[in-house]
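Subject: Handing over a structure

Dear colleague,

I am passing this structure on to you, and my notes on what was found in it follow below. Please read them with the structure open beside you.

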Amino acid sequence: MDCEGNLVANKILIVDDAAFMRMMVKDILTKNGFEVVGEAADGAQAVEKYKELKPDLVTMDITMPEMDGITALKEIKAFDPSAKIIMCSAMGQQAMVIDAIQAGAKDFIVKPFQADRVIEAISKTLG
């Protein structure tokens, strides 16, 4: 809530190299009252946008060109240890998910996304 007691939407940065995936996540989030403040297509962009936008939460794809999600996660956590990041992974990426959790990710969601699981993970992380 802001100082007038109004409910303030949580600001979220969506990171995925696939534009249709970003659109899908954005759609789920905006329908559920979250504000998408930015999007990034790779890890390097994610780090830049995080520093610029200071979102409340980041959804981060693991496998991306330029810089992968785990490297970006580590860079963001080095910049802001309190950063809240949820990893997005395809099936069969368990080893990478474990790496991400050990590097400071708060949760993970598996593709294809189910809207209720996305909202559950985000609500729990923002808690």
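**A glycine to begin with**

Leaving aside its neighbours within four places in sequence, Gly104 is in contact with Leu73 and Lys77, where contact means heavy atoms within 4.5 Å. Gly104 lies in the loop between helix H4 and strand S5, and it counts as buried because its relative accessibility is 18%; here buried means under 20% relative accessible area, exposed over 50%, and partly exposed in between, with a 1.4 Å probe and protein chains only. The C-alpha atoms of Gly104 and Ile62, which are 42 residues apart along the chain, are separated by 13 Å.

**How to read the notes**

This is a predicted model, in which local features need pLDDT of at least 70 and side-chain atom pairs count only at pLDDT 80 or more, while totals for chains, interfaces and linings use all residues. Residues are numbered from 1 along each chain as its sequence is written, and side-chain values use heavy atoms, with hydrogens and water left out. Helices (H or I, at least four residues) and strands (E, at least two) are DSSP runs, numbered from the N terminus.

**The sheet**

Five strands form an open sheet in the order S2-S1-S3-S4-S5, with parallel pairing; two strands are said to pair if DSSP finds at least two bridges between them. S2 and S5 (107–110) stand at the edges with a single partner strand each, so one side of each is left without a neighbour in the sheet. Neighbouring strands of this sheet are turned by 20° against each other on average, direction ignored, with axes taken as lines fitted to C-alpha atoms, for helices over the stretch in contact, and with angles running from 0 to 180 degrees between N-to-C directions.

Strand S1 (residues 11–15) is mostly covered, since four of its five residues are buried. Towards S2 (residues 35–40), S1 is joined by five bridges and runs parallel, and in that pairing Leu13 stands opposite Gly38. Towards S3 (residues 57–61), S1 is joined by four bridges, again running parallel, and the bridge partner of Val15 in S3 is Met60.

The bridge partners in S5 are Phe108 for Met87 and Val110 for Ser89. As a general point, the side chains in a regular strand alternate between the two faces of the sheet. In S5, Asp107 and Ile109 make up a covered face, whereas Phe108 and Val110 make up an uncovered one.

**The helices**

Helix H5 (residues 115–126) lies across S1, S3, S4 and S5, and runs at about 175° to S5.

The axes of helix H2 (residues 43–53) and helix H3 (residues 69–79) come within 9 Å and cross at roughly 20°. That angle makes H2 roughly parallel to H3, given that angles under 35 degrees count as roughly parallel, over 145 as roughly antiparallel, 65 to 115 as roughly perpendicular and the rest as oblique. On the H2 side the contact is made by Gly43, Ala46, Val47, Tyr50 and Lys51, and on the H3 side by Ala72, Glu75, Ile76 and Phe79.

**Backbone points to look at**

Most residues other than glycine have a negative phi, and most peptide bonds are trans. Lys54, in the loop between H2 and S3, has a positive phi near 45°, and it counts as exposed because its relative accessibility is 52%. Glu66, in the loop between S3 and H3, likewise has a positive phi, near 65°, and its relative accessibility of 75% is why it counts as exposed. Finally, the peptide bond from Lys111 to Pro112 is cis, with omega near -5°, and Pro112 is found in the loop between S5 and H5.

With best wishes
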